[in-house]
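Here is a short briefing to read alongside the model. Please keep the 3D view open as you go through the points.

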Amino acid sequence: MSFISVFDVLGPNMVGPSSSHTAGACAIAYLAQKMKTGILRQVTFTLYGSFAKTYRGHGTDRALLGGIMGFATDDIRIRDSFEIAKEQGIDYHFIINEAETDLHPNTVDIQMTDENGNVMNVRGESLGGGKVRIIRINQVQVDFTGEYNAVIIIQQDKPGVAAHITKCLGDRNVNIAYMRIFRESKGEKAYTIVESDQTLPDDLPKQIKTNSNILAVMLIQK
């Protein structure tokens, strides 16, 4: 038996007219910016479905830009996100894609480039009521909602890497709610996503990186 929270009925605290097109868009970008490794210099948002059709009228563009700068869904700075992005030297672009129609109607691709030229690509879906899901990171299909604290590890798909990650988590008494591994293909790059219902240690990425097959570690705290 499932229960519906009053927050599911009322929706999230937010700036803007739509929990899907404003709060959800902001939440996707907010999660995406936690995955970047450096200072954001350029971002391109590719919008699909209803995002593409209504993004100006519903403030989806401002919400995405606010989220990518680390603004939460109820941050009033979202209203001025265009101006703030320019002040921060962030080059931003919005692309409309109406050719691909087999995606969730509230889908966005986010391409982030940092000051060193490193590029991170994230695809997210706004599911309604402010809930979102990240379904792709750098062309690898994943499944991540951001409802828990999480650590995302990019690694070479080699024997012993998963055991190393779980040992690091066990050494720090991290309670694992979910742990999933997504692979490009056998022996290539893989993504491990670990979600926990507790605050994760700030030095956990440093510990995980002690394995030479670990390429990057991103800590996402709620």
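Cys 26 is buried, at 0% relative accessibility, where buried means under 20% relative accessible area, exposed over 50% and partly exposed in between, with a 1.4 Å probe and protein chains only. Cys 168 counts as buried too, with a relative accessible area of 4%. A search of the whole structure for disulfides (pairs of cysteine sulfur atoms within 2.5 Å) comes back with zero.

This is a predicted model, in which local features need pLDDT of at least 70 and side-chain atom pairs count only at pLDDT 80 or more, while totals for chains, interfaces and linings use all residues. Residues are numbered from 1 along each chain as its sequence is written, and side-chain values use heavy atoms, with hydrogens and water left out.

**Overall build**
- The chain holds seven helices and 10 strands; these are DSSP runs numbered from the N terminus, with helices (H or I) of at least four residues and strands (E) of at least two.
- Its radius of gyration is 18 Å, close to the 17 Å that the globule rule gives for 222 residues, so the chain is as compact as a globular protein of that length; the radius is taken over C-alpha atoms, and the rule is 2.2 Å times the number of residues to the power 0.38.
- The C-alpha trace spans about 50 × 45 × 35 Å along its principal axes.
- Of the 222 residues, 49% are buried.
- Among contacts (heavy atoms within 4.5 Å) with a separation of 6 or more, 67% join residues 24 or more positions apart.

**The six-stranded sheet**
- Six strands form an open sheet in the order E2-E1-E3-E4-E5-E6, with mixed pairing; two strands pair if DSSP finds at least two bridges between them.
- Strand E2 (91–96) and strand E6 (140–144) are at the edges with a single partner strand each, so one side of each has no neighbour in the sheet.
- From one strand to the next, the twist averages 20°.
- Helix H4 (residues 60–68) packs on the sheet, where it touches E1 (40–48), E2 and E3 (106–114), and its direction makes about 145° with that of E1; axes are lines fitted to C-alpha atoms, for helices over the stretch in contact, and angles run from 0 to 180 degrees between N-to-C directions.

- Strand E5 (residues 131–137) pairs with E6 in the antiparallel sense over three bridges, including Arg 136 with Gln 141 and Ile 137 with Val 140.
- Two residues lie between E5 and E6 in this hairpin, and Asn 138 in the turn has a positive phi of about 50°.

**Nonpolar cores**
- The largest nonpolar core has 47 residues, of which Met 35, Val 43, Ile 68 and Ile 110 touch the most other members; such a core is a set of buried Ala, Val, Leu, Ile, Met, Phe, Trp, Tyr and Cys residues joined through side-chain atoms within 4.5 Å.
- Helix H2 (residues 19–33) gives this core its largest share, seven residues.
- Another core lies apart from it, with 14 residues, including Leu 169 and Leu 204.

**Around Glu 184**
- Glu 184 sits in the loop between strand E8 (176–183) and strand E9 (189–196).
- With a relative accessible area of 43%, Glu 184 is partly exposed.
- Not counting residues up to four places away in sequence, Glu 184 touches Asn 138, Val 140 and Lys 189.
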